[in-house]
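Thanks for coming. I'll keep this brief and take questions at the end.

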Amino acid sequence: MDLTSYAELAVLLVNRADELRTLDTLRELLRGTGRTEAAARVTRRDLDALLELREELAGAFESAAAGDEADVVERLNGLLVRHPVHPQISGHDGQPWHMHLTEGGRVADALAVGSVMGLASVVTRLGVNRLGICQAAACHNAYLDTSSNRSRRYCSERCASRSNVAAYRARKRGA
């Protein structure tokens, strides 16, 4: 089971909250991550639940960026209690048998369980400092640092480039 892809879903939910205002945009996000069955079943109630979950996940990333490991763990443990894991063997979309964390209930339940378990897996395997908030001046996106040297500071190459160019220009002005 690839829990990292679930953690990446948590990042997408946190970062795309402004875009996730309609069922169509949620369906597009789900299809883009290979969750076509979920995209076909999602309802407005699921969207509302995921927007609420987004706020809780964002809090975990903010605590991680602030270096508050205990708060991150407390938040994730609280989410694990509210979204218990029910593993099941599944086969869909032409894939061989594989594990899913839950199949019952609403689409939002399955996505919540996956997102929370994915983040919990990253935290326990790699450490709380692998969750972060982009350090680019105008950006507040979350990211996962899965690099081997724990060096990620930006959510994307675009933010990294902008920040590096701005720092270069500031050095040139000061020289």
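Leu30 touches Arg35, Thr36, Ala38, Ala39, Val42 and Leu111, leaving aside residues up to four places away in sequence; contact means heavy atoms within 4.5 Å. This is a predicted model, in which local features need pLDDT of at least 70 and side-chain atom pairs count only at pLDDT 80 or more, while totals for chains, interfaces and linings use all residues. Residues are numbered from 1 along each chain as its sequence is written, and side-chain values use heavy atoms, with hydrogens and water left out.

Now the core. Leu30 is among the residues with the most contacts inside the largest nonpolar core, which has 37 residues; others in that group include Leu53, Leu57 and Phe61. A nonpolar core here is a set of buried Ala, Val, Leu, Ile, Met, Phe, Trp, Tyr and Cys residues joined through side-chain atoms within 4.5 Å, and buried means under 20% relative accessible area with a 1.4 Å probe, protein chains only. Among the elements that each supply at least two residues of this core are helix 1 (3–15), helix 4 (44–65) and strand 4 (142–144). Another core, of eight residues, lies apart from it and includes Cys134 and Tyr154.

On the whole chain: there are seven helices and four strands, taken as DSSP runs, H or I of at least four residues for helices and E of at least two for strands, numbered from the N terminus. Buried residues make up 42% of the 175 residues. Of the contacts with a separation of 6 or more, 51% come from residues 24 or more positions apart.

How values were computed. Buried < 20%, exposed > 50% of the residue type's maximum accessible area, 1.4 Å probe, protein only.
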